[in-house]
Amino acid sequence: MYFFRQQIAIVIIFFACCLLTVSCADSPVVQCTKFTEIVTRGNALIDTQKNNNDVGTTKNLAKNLNQTAKQLESLRITDTNLKEFQSQSVKSFRDLGQAIGEIGKALEAGNLASISIEGREQIRKAQTDLVKA
């Protein structure tokens, strides 16, 4: 009888571990919710700071957008459609962060330019860099 109870206990523990393993994996709905939350936070960053032409704010926005891209990239997504959205969103946030970083550098160069002929050249170069970004 003791041996039979021990076997039942082992089987119950085995099934409990299997159930916990399966239930701990994120469902597609949970994955989608996490994905949507991160994208919404990234869009909110853009909305709140888009009209600010301050160098520090611009560089901070670029850093935050790159961080958002990393957060999206670190999500473990199993759904193929959501995975496609994930890769597109990571690329979009990363490209946007890089472009805004370049704008921040150009703004900084324009702010640091002296009032001289060389300074005017620096400002012209910064304007050209802004147009490229």
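Gln 86 is buried, with a relative accessible area of 6%; buried means under 20% relative accessible area, exposed over 50% and partly exposed in between, with a 1.4 Å probe and protein chains only. This residue lies in helix 4 (residues 80-112). Helices here are DSSP runs of H or I with at least four residues, strands are runs of E with at least two, and both are numbered from the N terminus. Setting aside residues up to four places away in sequence, Gln 86 touches Phe 35, Leu 72, Glu 73, Leu 75 and Ile 77, where contact means heavy atoms within 4.5 Å.

The model is predicted: local features need pLDDT of at least 70, side-chain atom pairs count only at pLDDT 80 or more, and totals for chains, interfaces and linings use all residues. Residues are numbered from 1 along each chain as its sequence is written, and side-chain values use heavy atoms, with hydrogens and water left out.

Phe 35 is placed in helix 2 and counts as buried at 9% relative accessibility. Beyond its neighbours within four places in sequence, Phe 35 is in contact with Leu 72, Leu 75, Ile 77, Leu 82, Phe 85, Gln 86 and Ser 89. Phe 35 and Ile 77 are 42 residues apart along the chain, and their C-alpha atoms are separated by 8.9 Å.

Helix 2 (residues 28-49) itself comes next. Its buried residues are Gln 31, Phe 35, Ile 38, Val 39, Gly 42, Ile 46 and Gln 49. Seen down the axis of helix 2, these buried residues fall within an arc of 110°, so they line one face of the helix; the arc is that of the directions from the helix axis to the C-beta atoms. The face turned away from this buried side carries the exposed residues Val 29, Asp 47 and Thr 48.

Helix 2 packs with helix 3 (residues 55-74) at an angle of about 170°, their axes 10 Å apart. Axes are lines fitted to C-alpha atoms, for helices over the stretch in contact, and angles run from 0 to 180 degrees between N-to-C directions. Helix 2 and helix 3 are therefore roughly antiparallel to each other, a term for angles over 145 degrees. Among the residues that make the contact are Phe 35 and Ile 38 of helix 2 and Leu 65 and Leu 72 of helix 3.

Across the whole chain, the secondary structure comes to 5 helices and 0 strands. Buried residues make up 23% of the 133 residues.

Definitions and conventions: Angles under 35 degrees count as roughly parallel, over 145 as roughly antiparallel, 65 to 115 as roughly perpendicular and the rest as oblique.
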